[in-house]
Structure formats: structure tokens, C-alpha cells
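Hi there,

Here is the structure I promised to pass on.

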Amino acid sequence: MNPKNPTPTVSLRRAKVLVAAVGLAAVGPSVRAMADPAAQPPLGARGVALGGAFSALADDATSIFWNPAGLTHITHQEFVGTYANLFATDIRDNQIAYALPLSPRQVVAFDWYHSGFDDNVLSFGENRFDLAYAFRFNSLLSVGATGKYVRRDLSLDGQRVEPAAGSGYGMDFGVQVSPIPSARLGVLVQDAFDTRVESDDGSSDVAFPRNVRVGAAWLYGDRLAAALDVDDRWHLGVEGRVVAPLTLRAGVQDDWDTNEGAVWSGGFGVAWGPLRFDYAREDHPVLAATNHYTVSFAFNFNPALVRIENVEVSELFASLHKSYAHQAFGSAGVRNLRDQPLEVRLRVHVPGYMDEPSEQTVVLRPKALQRVALTGVFSEDIMATSSDRPVQVVVSANYRSLRLPRTETSAARTVAYGPGAIDWGRGVDQAAAYVTTRDPQVADFARSMTRVADASLVERFGNRTVAHAA
């Protein structure tokens with residue numbers, strides 16, 4: 001197609017590309033300035049599957065985009081790669097990110113984002129380089145910032161289009177707050193100073209206008225999470241772990257003031273050792289669906305200094321759950337592999353029976369194996385179980401190796417018995433846990449005893465209630 005002599009023989013694909021490019025601000029800063037702040041293509045299949053409700057949940061290397069404060073959740077080095085063919089238009093979106101913890105409180109990360117299209121007639125590309133830093137003050141508050149450099153190029157029939165081509169700088173700022181372990185709040189100020197792209201001809205336009213996003217997330221242990229984000233759109237997402245390696249996700253988002261229709265999304269994540277694969281499908285009400293793929297790899301150059309050996313746990317009894325806070329229900333062998341004392345934070349978690357892991361600090365002797373008693377605070381929900389179930393007891397040791405955080409994990413399986421069952425081999429002192437109003441025989445016995453309180457007994461005590469109690 002010659003721009004000086006246009007003809008109507010434009011392919012459907014090229015038309016779709018032009019429409020999508022305008023919507024995604026890939027054809028020039030002047031168009032992008034008129035776009036909605038949240039129109040930037042999202043990065044990372046997990047955040048996309050959750051409908052973009054990820055500013056409070058962000059906890060991996062894609063946090064560079066979603067909320068840099070979320071980088072403080074990373075305790076290992078991490079590589080992430082993402083890919084998407086936006087709306088089936090052959091606009092390829094790719095990101096490569098790397099996160100490096102500097103200490104238990106500080107993390108740095110950087111990424112390269114590329115989006116582009118080329119059919120030998122229309123060609124455009126956007127490259128963005130981000131450098132992020134995050135700091136955790138305490139378990140309550142984390143902050144982060146991202147600096148970005150953006151470069152855009154656009155050509156038509158081999159001729160560069162001005163002022164669509166150019167470069168510029170921008171900044172993002174993020175905060176995450178955890179008022180309680182099961183809740184998290186997030187605030188993201190994206191392109192805080194209106195990221196501008198200055199073209200080679202000297203003109204300057206806003207490429208990415210400022211976007212303020214506020215989010216909240218609720219977490220039920222590591223099994224279920226729900227999140228809500230609000231900016232110029234509302235975003236809602238939920239994810240749940242079905243089995244240990246598989247997590248399912250779903251989300252929806254929509255504008256506040258248009259009738260275009262909601263964008264629905266869904267996907268899954270599979271973890272296998274240090275590798276994780278995430279997939280998301282985003283269904284747009286007007287454009288074709290987009291499939292998003294993410295692969296991440298977690299690793300540590302810092303060597304292992306601790307090994308967890310021989311985790312042994314006894315059977316668990318719901319009726320005795322309060323005693324486990326001070327009476328051990330198992331033990332783990334923790335070996336110090338170096339020739340100096342080492343302080344580790346030992347965590348014990350029984351998924352589905354504990355609201356959060358129980359922690360204790362242990363100082364390991366040099367080159368020694370120590371047996372550590374396992375205790376924990378169980379949820380009251382354990383008394384609502386109606387049957388005996390197999391459970392997994394997960395033991396992890398957190399420590400620092402070469403000034404970087406590292407975690408070793410091991411697990412053992414046992415059986416958790418429902419209310420009313422106890423281990424009589426531990427003595428008759430547990431009988432009080434066995435006697436429960438849930439038992440029909442105990443309830444019948446109590447009702448029959450109240451009938452013994454005849455008139456003479458009432459007269460003797462002078463009070464019917466006291467007589468029934470006696």
C-alpha cells in the first residue's frame with residue numbers, strides 16, 4: 001500500500017492490526033495520550049487470569065509491572081518469561097524479567113518488554129526497559145519503585161512515521177500493606193509523572209498518562225485468594241489451589257462508564273520444583289481472545305547450609321488441637337552443614353487445619369543434627385470436620401546463606417481424626433476431650449439425669465437449675 005496513493009485492498013489482518021495498535025497505543029504517543037490509563041497491555045498470565053486484580057497479590061517478578069512493592073515477597077532469584085499474541089493480530093507481547101534479593105528486606109529486579117508487529121508494509125515496535133527496587137520495613141509495610149525507559153518505532157512501507165517514533169522515561173511507585181496475615185492492601189501509582197515520549201523531530205507527547213490503582217486481597221492460607229482492584233476500571237479475581245501443583249484462576253474487569261461489555265478471563269498455574277507454568281485466556285467483548293503464557297524459574301546461587309531430615313509426626317486428633325500449641329505432635333531433624341552456629345526460623349504448617357504457619361527460632365550447633373519438636377496453633381475449624389482425613393505436615397527452615405534468604409522444605413503425611421476420637425494409649429487424662437455434646441450417648445445421658453431432679457431434690461437445693469446441675 002502506497003501512502004501517497006492508497007487503495008482499498010487492505011487486508012483484514014492489517015485492519016485488525018491497526019485497530020488493535022490504536023487501542024494499545026502502539027502507533028504513537030499522540031494517540032496514546034487520549035487512551036484510558038489502564039489500556040497498557042498487562043504482563044504475566046497469573047495477573048491476567050485474575051482480571052488484573054493483582055496489585056495487592058503481586059509477589060513474583062511480574063510485580064515490576066503490577067506493583068513493585070510486591071517484589072519483597074521473593075526470597076530467591078527468579079527468571080520470568082511471558083508471551084502473548086494480542087487479540088490474534090500478530091502483535092507479539094514479550095517480557096523477560098529477573099529478580100534478585102539483596103537481603104531479607106531488599107529486592108532489585110529488571111526486565112525487558114517488547115511489543116511489535118511487522119508484515120513488510122506496516123511495522124511498529126515498542127521496547128521498554130525497567131529497573132525496580134523494593135524495601136520491606138516490617139511484616140506490615142513494603143514499598144517499591146520502578147524506573148522505565150521507553151523506545152518506540154513505527155514505519156509504513158519502509159518510511160519512518162513521525163512523531164510516532166521516539167523515546168522517554170517514566171516512574172512507577174507501589175505500596176503493599178498487610179494489616180493482618182489474611183489480608184493485604186496495595187496501591188500503585190503507574191507513570192506517576194505522565195511518561196512522555198520525545199520524537200526525533202523534537203515534539204513531545206504523553207505516552208502513558210498517570211494511573212492510580214488501589215487493590216485489596218483476602219488470603220485463606222495458601223489455598224484460596226480473592227482480590228479486587230480499582231482504577232479507571234474495576235477488576236475482580238479469585239484463585240484456588242486444587243492439589244499441591246495445580247492452581248485454578250478466574251477474573252473479570254469492566255469500565256465504569258461504558259457499555260462495551262466485561263472482559264472475562266481464566267487460567268491455571270502448574271508448579272514443578274523450581275519451575276512454574278501459568279496460562280491465561282482473556283475474552284474481549286469486541287476483539288478476538290488473547291492467550292497469555294508465562295514460564296518462571298526460581299533458583300539460588302547461595303549454597304544450602306541446612307538439611308531437614310526424618311520428619312516424624314504422630315496422628316492428629318481434633319479434640320486435642322489446643323494442646324498442640326505447647327505439646328509436640330512430632331519432630332524434625334535439622335542438620336547444620338557448616339562449621340559455625342546458624343540461626344534458622346523453623347515453620348510448621350498443616351494446610352487446611354492451620355490459618356497460618358507456626359514459627360519458632362532455633363540455633364543449630366555446628367556440623368550437628370538436632371531434633372526439633374513440632375508444635376503449632378491449629379484453627380478452630382478443625383472441630384467442624386466430620387471425618388478422618390489424611391493430611392500433610394510441611395516443615396520449612398528459613399535462613400540466610402551468603403547474605404541471601406534461602407528456604408529448605410520437607411513434609412510428612414499423617415491422619416487427622418475428627419472430634420470425639422482420641423489416642424487412649426496416651427492415658428485416661430484425655431477423657432475430657434472425648435466427652436463431647438456431639439456424642440448422642442452423652443447428650444441422652446445428660447437429658448436423662450435432669451429428670452432425676454425430682455421435687456425433693458429441688459426442695460433440698462432450693463433452686464431447680466442448681467438441682468439439674470447437681
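Before the details, two words on the basis. This is a predicted model, in which local features need pLDDT of at least 70 and side-chain atom pairs count only at pLDDT 80 or more, while totals for chains, interfaces and linings use all residues. Residues are numbered from 1 along each chain as its sequence is written, and side-chain values use heavy atoms, with hydrogens and water left out.

**Salt bridges**

The search of the whole structure gave 23 salt bridges, a salt bridge being a side-chain nitrogen of Lys or Arg within 4 Å of a carboxyl oxygen of Asp or Glu. One of them joins the side chains of E126 and R152, at 2.7 Å from N to O. This pair links distant parts of the chain: E126 is in strand β4 (residues 122-136) and R152 in strand β5 (residues 141-156), 26 residues apart. Strands here are DSSP runs (E, at least two residues), numbered from the N terminus. E126 counts as buried because its relative accessibility is 8%, and R152 counts as buried at 2%. The cut-offs are under 20% relative accessible area for buried, over 50% for exposed and in between for partly exposed, with a 1.4 Å probe and protein chains only.

D191 and K148 make another salt bridge, with their closest N and O atoms 3.1 Å apart. D191 sits in the loop between β8 (183-190) and β9 (195-199) and K148 in strand β5, so this pair ties together parts that are 43 residues apart in sequence. Both D191 and K148 are buried.

A further salt bridge connects D255 with R233, where the closest N and O atoms are 2.5 Å apart. Since D255 lies in strand β14 (residues 246-255) and R233 in strand β13 (residues 233-243), the pair ties together parts that are 22 residues apart in sequence. D255 is buried at 11% relative accessibility, and R233 is buried at 12%.

**Nonpolar cores and a surface patch**

In soluble globular proteins, nonpolar side chains tend to be buried together. The largest nonpolar core in this model has 33 residues, and V306, V311, F329, L374 and F378 have the most contacts inside it. A core of this kind is a set of buried Ala, Val, Leu, Ile, Met, Phe, Trp, Tyr and Cys residues joined through side-chain atoms within 4.5 Å. Strands that each supply at least two residues of this core include β18 (306-313), β20 (330-336) and β24 (389-401). β24 gives the most to this core, with 5 residues.

V306 touches V334, R335, L337, L342, V344, L364, A397, Y399 and E408, leaving aside residues up to four places away in sequence; contact means heavy atoms within 4.5 Å. Apart from this core lies another one of 14 residues, among them A53, F65, A217 and L219.

On the surface, F79, W272, L275 and F297 form a nonpolar patch with about 450 Å² of accessible area together. Such patches take residues with over 30% relative accessible area and no salt bridge, with nonpolar side chains (Val, Leu, Ile, Met, Phe, Trp, Tyr) joined within 5 Å and like charges within 9 Å. Accessible areas come from the Shrake-Rupley method with a 1.4 Å probe, and for residues only the protein chains shown count as cover. F79 is in strand β1 (residues 77-86) and is partly exposed, with a relative accessible area of 39%.

**An open sheet**

Five strands form an open, mixed sheet in the order β19-β25-β24-β21-β22, where two strands pair if DSSP finds at least two bridges between them. β19 and β22 are at the edges, each with a single partner strand, so one side of each is left without a neighbour in the sheet. β19 and β25 run parallel and are joined by 2 bridges. F317 stands opposite Y417 in β25.

**Two buried residues**

H235 is in strand β13 and is buried, with a relative accessible area of 2%. The C-alpha atoms of H235 and A53 are separated by 5.1 Å, though the two residues are 182 apart along the chain.

R184 is in strand β8 and counts as buried at 11% relative accessibility. Its C-alpha atom is separated by 8.4 Å from that of G215, 31 residues apart along the chain.

Best wishes

Definitions and conventions. Helices (H or I, at least four residues) and strands (E, at least two) are DSSP runs, numbered from the N terminus.
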